[in-house]
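Work through the exercises below with the sequence and the model side by side. Try each task before reading its solution.

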Amino acid sequence: MKVIPANRILGIACALCLGAPPAMPVRAGSVSNLTQVTSYTNLYDAINAANAGDTLRVIGTLTLTNTLASWPGLNKTSLILEGVNTNSSILIAQNAASVGALIITATNVTIRNLQIQYTQVSGTEYLIYVQSGDAKIKNNILRGVYDMGPSGGGFGIFINLAGRSITNV
């Protein structure tokens, strides 16, 4: 098992996200709460209605268009956000929250089996922004085009916690 310090992950995450995502057919998507047996047409409503420990499954392609003011982030303890697989469960970030498309604010959150895309050159800084401990990010594909100019840039995953690391297990 190789452990990478959090302060070194930015460059690695950026390398994983270079290049525009390939053209893929866009299928209307939904989010199913497997725990409550409910379905939603957008991720925002699914997260707001979820309880701690629920599993949300993305089916098809969803576009994230929230602003930071309205986006709650992944704010439920032990929440699982998953896809069926990385080819059929796709989140496209457009005009998403200015800090990250998926912001993890609760402990023990899992993101797995998703393809997360960002195709605008500026705006969102990170596809996944980790603000809380014990996040699990497994088997995801992160794609995007970022502005790497003097005013900053974007990366795939950003961990905003000292002493944290990403482990590939």
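The exercises go from the whole chain to single residues.

This is a predicted model, in which local features need pLDDT of at least 70 and side-chain atom pairs count only at pLDDT 80 or more, while totals for chains, interfaces and linings use all residues. Residues are numbered from 1 along each chain as its sequence is written, and side-chain values use heavy atoms, with hydrogens and water left out.

**Exercise 1. The whole chain**

Task: Describe the secondary structure, burial and contacts of the protein chain.

Solution: 
- Start with the secondary structure: the protein chain has two helices and 14 strands. Helices (H or I, at least four residues) and strands (E, at least two) are DSSP runs, numbered from the N terminus.
- Next, take burial: 44% of the 169 residues count as buried. Buried means under 20% relative accessible area, exposed over 50%, and partly exposed in between, with a 1.4 Å probe and protein chains only.
- Then look at contacts, meaning heavy atoms within 4.5 Å. Of those between residues at least 6 apart in sequence, 79% join residues at least 24 apart.

**Exercise 2. V84**

Task: Find where V84 lies and which residues it is in contact with, leaving aside its neighbours within four places in sequence.

Solution: 
- Locate V84 in the loop between β5 (80–83) and β6 (89–93).
- Check its cover: V84 has a relative accessible area of 47%, so it is partly exposed.
- List the contacts beyond four places in sequence: R57, V58, I59, S89 and N113.
- Turn to L114, which is 30 residues from V84 along the chain; the two C-alpha atoms are separated by 7.6 Å.

**Exercise 3. S78 and N139**

Task: State the phi values of S78 and N139.

Solution: 
- Begin with S78, in the loop between β4 (55–64) and β5. Its phi is positive, about 60°, although S78 is not a glycine. With 25% relative accessibility, S78 counts as partly exposed.
- Continue with N139, in the loop between β11 (136–138) and β12 (141–144). N139 is also a residue other than glycine, and its phi is positive, near 50°. Its relative accessible area is 54%, so N139 is exposed.
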